[in-house]
Amino acid sequence: MVPELQKITVRMKNPEHVKNIVSALRKGGAARLQVISDFDMTLTRFGFNGKRCPTSHNIIDNCRVISEEGRKKLKDLLHHYYPIEIDPYRTMEDKLPLMIEWWTKAHNLLSQEKILKNDIAQIVKESDVKLRDGFNIFFDQLHENKVPLFIFSAGVGDVLEEIIHQAGVFHPNINVVSNYMDFDDNGILQGFKEPLIHIYNKNNTVLKNTEYFQQLCTRTNILLLGDSMGDLSMADGVADMENILRIGFLNDRVEERREKYIEAYDIVLEKDETLDVVNGILHFILAQTLYTPLTLD
Ligand SMILES: Nc1ccn([C@@H]2O[C@H](COP(=O)(O)O)[C@@H](O)[C@H]2O)c(=O)n1
Ligand SMILES: [Mg+2]
């Protein structure tokens, strides 16, 4: 059905269930489908040439505009909180206040630096961020088939939009909900807009006040892409959901987190820096739509 599912990186708890969902998604075609995706470490690469790739926050943390003192403090926060984020032995309830603490402290530090709105494009250009291999096929086939792509990110919206824009794939079918920077009249960063989005509130509590919420509810077949357990709630706002296929990228502490990921996601991609499997599934689902002969009415 989808040859890419034979890749060595693929893990599935229940291949039969995956087969049924993929068939149902194909039956619904492009008109029923929407893709809901996380951004950092899901649409972007986790590593390249043996080095970690930056998240949208890291791009700003490490840019030339940030003072040496600010950079050190932001790095210390990352070294303290990231291991907590990915710790398989701590519960979500235990992590939640700590994650809010991380985001709040980091945003406060960034707001003390003199970051200019006009600098964001150059900062992104100078960074080591990379969209996953096959990103152009992914973005283009969704656009060509008029399938909405909803990016729900706890990263920095201004930065991730610029990444997609510079890659030449910011098509009109894309909607983003994320943390947006708040600039004063002189274009200097003064804070972040509300509400704060962290890894554990990517759900309808944040979405119900957005323009996108209506559209979210009309497309009842979902392809969900994420890399953290918090990403699993991103489709909670879809009231009449018919079918959902959850694909999870397992990038870090693979051995220890494998079991939980396989339990939670329908398909787990282990240390796979590509969008091959996602593209293969989309190709299969959308083939039906692409080859439907045109009618004259
Ligand atoms: N100060 C911070 C806070 C979070 N991160 C990382 O960003 C990721 C969230 O963005 P998504 O697009 O994946 O929702 C999260 O997994 C954190 O590791 C960071 O780098 N700096
Ligand atoms: Mg992520």
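Predicted model: local features only at pLDDT ≥ 70, side-chain atom pairs only at ≥ 80, totals over all residues.
**Stop 1: the magnesium ion.** Now show ligand 2, the magnesium ion. Which protein residues are its donors? They are D38 (OD), D40 (O) and D227 (OD), lying 2.1 to 2.2 Å from the ion. Along the chain, these donors follow the spacing D-x1-D-x186-D. Distant parts of the chain are linked here: D38 and D227 are 189 residues apart. D38 sits in the loop between β2 (33–37) and β3 (47–48). D227 sits in the loop between β9 (221–226) and β10 (243–250). Is it buried or exposed? D227 is buried, with a relative accessible area of 14%.

**Stop 2: the nonpolar core.** Next, select F138, L245 and I281. In the largest nonpolar core, which has 94 residues, these three touch the most other members. Domain 1 (3–47 + 130–286) and domain 2 (50–126) both contribute residues, so this core lies between them. In soluble globular proteins, nonpolar side chains tend to be buried together. Zoom in on F138. Beyond its neighbours within four places in sequence, F138 contacts V35, L43, L149, L225, L275, V278, N279 and L282.

**Stop 3: helix α4.** Select residues 92–111. This is helix α4, with 20 residues. From first C-alpha to last, α4 reaches 28 Å, close to the 28 Å expected at 1.5 Å a residue. Now colour its buried residues, among them L98, M99, W102, W103, L109 and L110. What do the buried residues of α4 pack against? Their partners are α2 (56–61), α3 (68–85), β5 (149–156), β6 and β8.

**Stop 4: V177 in β6.** Stay with β6, residues 174–179, and pick V177. V177 counts as buried, at 10% relative accessibility. Setting aside neighbours within four places in sequence, V177 is in contact with F150, I151, F152, S153, I197, V206, L207 and T210. V177 and I59 are 118 residues apart in sequence, and their C-alpha atoms are 19 Å apart in space.

**Stop 5: a hairpin.** Finish with β7 (residues 181–183) and β8 (residues 189–192). These strands run antiparallel, joined by three bridges. Select D182: its bridge partner in β8 is G191. How many residues lie between the strands of this hairpin? There are five. Last, click on G187 in the hairpin, which takes a positive phi near 75°.

Methods
Residues numbered from 1 in each chain as written. Chains lettered and ligands numbered in written order. Heavy atoms only, no water. Helix = DSSP H or I, 4+ residues; strand = E, 2+ residues; numbered from the N terminus. Buried < 20%, exposed > 50% of the residue type's maximum accessible area, 1.4 Å probe, protein only. Contact = heavy atoms within 4.5 Å. Pairing = 2+ DSSP bridges. Core = buried A, V, L, I, M, F, W, Y, C linked by side-chain atoms within 4.5 Å. Domains from an automatic or database assignment. Expected span 1.5 Å × (residues − 1). Donors = N, O, S within 2.8 Å, 3.2 Å for Na, K, Ca; no water.
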